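Dear colleague,

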Amino acid sequence: MAEVIWGLATSHVPSIGAAMDRGKTEDPYWKPLFDGYRPAREWMAQHTPDVAIVVYNDHANGVDLDIVPTFGIGTADRYRVADEGFGRRPVPDVVGHPELSLHLLESLMDDGFDLTVFQELDVDHGLTVPLSIFCPDPGEAWPCPVVPLMVNVIQYPQPTAARCLALGRSIGRALETFHPDTKVAIFGTGGMSHQLAGARAGFINPDFDAMFLEAIETDPEKLAALSREDYIREAGSEGIEMIMWLIMRGAMNEQIRRVHSTYHVPASNTAAALALFDNRVPR
Ligand code: DHB
Ligand code: FE
């Protein structure tokens with residue numbers, strides 16, 4: 001069977017990518033954030049997967065807002081980096097893994113998750129910024145191919161947190177019947193608390209974030225029991241992105257080991273966090 005070797009939960013704030021692209025990571029504003037990533041980056045560089053499943057949301061860049069699939073999967077052999085209005089980021093296009101995409105599609109469908117299929121997809125900061133956090137200097141190519149798994153977190157009604165955890169568990173089961181010895185990393189992206197518009201613009205909730213950072217490791221069921229209204233009230237209208245971390249968590253073992261985590265406020269108007277988990281805990 002294929003094996004999830006690690007899971008990375010990380011914010012995907014676009015300005016984190018812009019800071020890297022423009023060489024600003026040592027500036028006083030950015031240095032503390034990037035210093036916080038270092039131990040995780042070193043560990044991931046020593047544990048390169050064969051393929052990464054990146055659970056992310058599009059922000060009306062790859063897909064117009066008149067089509068909002070609840071869950072979608074990319075099946076292409078290549079994904080272009082989206083132009084979000086400032087030109088494409090100067091990072092490599094993303095190489096796909098159609099074989100794993102199609103295996104997941106079939107297995108998840110059979111398990112009751114009716115995914116929308118993207119045979120063509122431009123990937124926005126929701127996916128490319130986490131790749132940059134994983135690998136700051138990709139050169140000509142990212143370290144491994146990617147399966148993009150897209151989630152609607154931007155338009156009501158978003159999937160429930162419980163449904164996200166269940167989807168993750170279904171991914172875990174699907175991997176049991178994929179090629180043996182395939183090492184898989186899974187990314188849960190977005191969050192933590194933030195709200196970009198409206199009366200509560202700039203809202204950040206460190207207490208909720210701390211609870212979530214702890215429970216994602218030790219008690220994901222507690223997070224799965226929260227409603228979408230709970231997420232939006234406690235973490236802001238865009239903080240609901242955190243439900244995507246539950247998909248990552250569901251694909252991992254009950255017992256995981258935290259390799260490193262970091263929390264930094266603010267990156268733009270967002271509480272930026274990273275939590276890296278080793279899935280290969282001796283049992
Ligand atoms: C911003 C955008 C995001 O998609 C996000 O998750 C956090 C912050 C922003 O534009 O600042
Ligand atoms: Fe976002």
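The shell around ligand 1 consists of three nonpolar, eight polar and two charged residues; here Ala, Val, Leu, Ile, Met, Phe, Trp, Tyr, Cys and Pro are nonpolar, Asp, Glu, Lys and Arg charged, and the others, Gly among them, polar. In total, 13 residues surround the ligand, and the closest are Val13, Pro14, His59, Ser268 and Thr270 (near meaning a C-beta atom, placed from the backbone, within 6 Å of the molecule).

Please note that this is a predicted model, in which local features need pLDDT of at least 70 and side-chain atom pairs count only at pLDDT 80 or more, while totals for chains, interfaces and linings use all residues. Residues are numbered from 1 along each chain as its sequence is written, and chains are lettered from A and ligands numbered from 1 in the order in which they are written.

The chain holds nine helices and 11 strands (DSSP runs numbered from the N terminus: H or I of at least four residues, and E of at least two). Of its 283 residues, 48% are buried, that is, with 20 or more other C-beta atoms within 10 Å of their own C-beta, placed from the backbone.

Eight strands form an open sheet with mixed pairing, in the order E6-E3-E8-E2-E9-E1-E11-E10 (strands pair if DSSP finds at least two bridges between them). At its edges, strand E6 (116–118) and strand E10 (257–267) each pair on one side only. Strand E3 (residues 71–74) runs parallel to E6, joined by three bridges, and Gly72 stands opposite Thr116 in E6.

Yours sincerely

Methods:
A residue is buried if 20 or more other C-beta atoms lie within 10 Å of its own, exposed if 12 or fewer, and partly exposed in between; C-beta atoms are placed from the backbone.
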